[in-house]
Amino acid sequence: QIEQGNKASAALKEWEQRHHPLAQEHLPAARRLISREPHAFLAYLDRFYEGQAPEILESLEEDFDSIFVGSYANPEEWALESFDALGWSEAVEETRSKAGIPEDILNFDIDKFLEWAQDSMGFVLMSRGGQIHVFQA
């Protein structure tokens with residue numbers, strides 16, 4: 001636990017050296033977030049913190065939590081979880097079953113879904129630390 005905290009703290013310091021120091025009022029939340037979701041939080045900093053004036057951001061932790069969807073092994077894993085969460089998997093299975101459509105005939109186009117999710121729905125997928133981190137800004 002202590003070693004993980006030290007690594008997280010070092011990663012945060014390294015980010016600050018490469019970019020710019022975090023606003024003082026954001027440091028306590030940054031330390032909590034880097035310990036909780038190290039790679040996802042660094043991806044968040046790269047994409048979202050850089051783009052806004054730190055003084056405008058009231059709560060770093062609330063902002064992160066409001067847009068962070070999750071971390072996944074790959075984009076396909078997130079897409080399949082999304083199909084389930086949206087009820088699409090169940091709907092397709094029900095339709096397939098009712099219509100007698102053989103298995104593996106009616107499938108999702110994962111690449112099209114990922115394109116749609118990013119282009120039309122505002123999802124951002126970022127790779128860091130061997131995982132895909134999904135945000136919805």
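Biologist: At what angle do the axes of helix α2 and helix α4 cross?
Modeller: Roughly 35°, and the axes of α2 (residues 27-36) and α4 (residues 60-67) come within 8 Å. Axes here are lines fitted to C-alpha atoms, for helices over the stretch in contact, with angles from 0 to 180 degrees between N-to-C directions. It's a predicted model: local features need pLDDT of at least 70, side-chain atom pairs count only at pLDDT 80 or more, and totals for chains, interfaces and linings use all residues. Residues are numbered from 1 along each chain as its sequence is written, and side-chain values use heavy atoms, leaving out hydrogens and water.

Biologist: Which residues of α2 and α4 make the contact?
Modeller: Ala29, Ala30, Arg32, Leu33 and Arg36 of α2 meet Leu60, Glu61, Phe64 and Asp65 of α4, where contact means heavy atoms within 4.5 Å.

Biologist: And how do α5 and α7 pack?
Modeller: Helix α5 (residues 75-85) and helix α7 (residues 110-119) sit at about 85°, axes 10 Å apart. That makes α5 roughly perpendicular to α7, a label for angles of 65 to 115 degrees. On the α5 side, the contact includes Trp78 and Phe83, and on the α7 side Phe113 and Leu114 are among them.

Biologist: Switching topic, what follows α6?
Modeller: Gly100, with a positive phi near 70°.

How values were computed. Helices (H or I, at least four residues) and strands (E, at least two) are DSSP runs, numbered from the N terminus. Angles under 35 degrees count as roughly parallel, over 145 as roughly antiparallel, 65 to 115 as roughly perpendicular and the rest as oblique.
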